[in-house]
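Open the model in your viewer and keep the sequence panel beside it. The stops below say what to select and what is there.

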Amino acid sequence: MTRKRLGFFTRLLDDAPPKERYRLATEQIRHAERQGFDSAWIAQHHFHEHEGGLPSPLVFLAHVAAHTQSIRLGTAIITLPLENPLRVAEDAAVLDLLAGGRLEVGFGSGGTPTSFLPFGLTIDQRASVFAEYLHLIQSAWRGDSLTHPDNHLYPPAPQLAERVWIATFSVEGAIRAGQAGHGLMLSRTQPRPADALSLTLDALQNPMVDAYLDALPAGVAPRILASRTAFVADSTEYALQVATPGLTRQAQQHRAAGHEVIGDSVTDYIRQFDAHIGDPSTVVASLKNDSILARATDISFQVHSVKPSHQDTLRSIELIAGHVAPHIL
């Protein structure tokens, strides 16, 4: 059986000014590379600094590429409807060239309604715009002519067409990703139906994996990236102490948005927000209850929404690499 690939994911949310956020995230990715992680993934968010600290993921990854050697660099995700698709195709082509072929490109349609407005769109348009832009990007990467016979993407990047990942919360989205031969990106958590709040995350995501695998063309290898929240410390007591403020804020935000959150303890929040928190043995035991991980080809770990310090994040990376990953990969 092929070994699963281990990833580190960040939304660049360290409690610091923007320049320092970028420096800390770069150091965390470099540390993950030193610890043997296979990939690093970053998110894109416009305007809302508490959702994510980076509007320009390809620019940032070009910086990271210059400070790393082997770790693969991925977007999780680029919010495609809010971009110029040809510029995304060009920037990704240049970045992959400079990074020595290490770029993985994850796309999604976005989720924050107000972020669409400055780009002249509403969130209701996202699905149709996403499909149109993804088609244009793939066409450019394939080397097709662009409006005029003389126009072709430069530098050429046909290899990137084989490294597209699609983020989705739905079976329908998983089917589309599979039919196109793309990778499937599964979220660290996702909303439960109002009448089934006790559903586990793998109960929601296994039908998506089933649909994706059924839709893949013959001969195309599956690529399934499962993102998971994991904060590992040397003791469970310390891990829970660090996790309590961040998860409490997440619960408050969910309630303010009209979602039901049951209970008021950090253990209640851990369960409902699909977090894996504790010392290595506790986190391993928790992860082994997640049946998706046995089916994934790639697993990426993030500390959000725990919000640990930079040093605690670095230590969590070390413990995941040395004491958690050997039991789940």
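**Stop 1: a pair of tryptophans**

Select tryptophan 165, which is buried at a relative accessible area of 2%; buried means under 20% relative accessible area, exposed over 50% and partly exposed in between, with a 1.4 Å probe and protein chains only. This is a predicted model, in which local features need pLDDT of at least 70 and side-chain atom pairs count only at pLDDT 80 or more, while totals for chains, interfaces and linings use all residues. Residues are numbered from 1 along each chain as its sequence is written, and side-chain values use heavy atoms, with hydrogens and water left out.

A search of the whole structure gives five aromatic pairs; rings of Phe, Tyr and Trp (its six-membered ring) pair if their centres lie within 6.5 Å, and planes under 30 degrees apart count as stacked, over 60 as edge-to-face and the rest as tilted. The ring centres of tryptophan 41 and tryptophan 165 are 5.7 Å apart and the planes stand at 85°, so this pair is edge-to-face. It links distant parts of the chain, 124 residues apart: tryptophan 41 is in strand E2 (residues 39–42) and tryptophan 165 in strand E5 (residues 164–167). Helices (H or I, at least four residues) and strands (E, at least two) are DSSP runs, numbered from the N terminus.

Now show arginine 223, which lies over the face of tryptophan 165, at 4.8 Å from the ring centre. For a charge to sit over a ring, NZ of Lys or CZ of Arg must be within 6 Å of the ring centre and within 35 degrees of the ring normal.

**Stop 2: a stacked pair**

Go to tyrosine 269 and phenylalanine 273. Their ring centres are 6.2 Å apart with planes at 25°, so the pair is stacked. Tyrosine 269 is buried at a relative accessible area of 3%, and phenylalanine 273 counts as buried at 5%.

**Stop 3: strand E9**

Select residues 298–302, strand E9: five of the five residues are buried, so the strand is largely enclosed by the rest of the structure. Both faces are covered, with Asp298, Ser300 and Gln302 on one side and Ile299 and Phe301 on the other.

Which strands pair with E9? Strand E1 runs parallel to E9 and is joined to it by four bridges, and strand E7 (residues 224–232) pairs with E9 in the parallel sense over five bridges. Two strands pair if DSSP finds at least two bridges between them. Arginine 5 stands opposite aspartate 298, and alanine 226 opposite isoleucine 299.

Show what surrounds phenylalanine 301. Apart from neighbours within four places in sequence, its contacts (heavy atoms within 4.5 Å) include Leu6, Phe8, Arg228, Leu287 and Ile328.

**Stop 4: the cores**

Phe301 is also among the members that touch the most others in the largest nonpolar core, of 71 residues, as are Ile29, Phe37 and Trp141. A nonpolar core is a set of buried Ala, Val, Leu, Ile, Met, Phe, Trp, Tyr and Cys residues joined through side-chain atoms within 4.5 Å. Apart from this core lies another, of 16 residues, including Ala233, Val242, Ile270 and Val306.

**Stop 5: helix H1**

Finish with residues 18–34, helix H1. Its buried residues include Arg21, Leu24, Glu27, Ile29 and His31. Among the elements covering them are E2, helix H2 (57–66) and helix H12 (310–328). After H1 comes glycine 36, with a positive phi near 95°.
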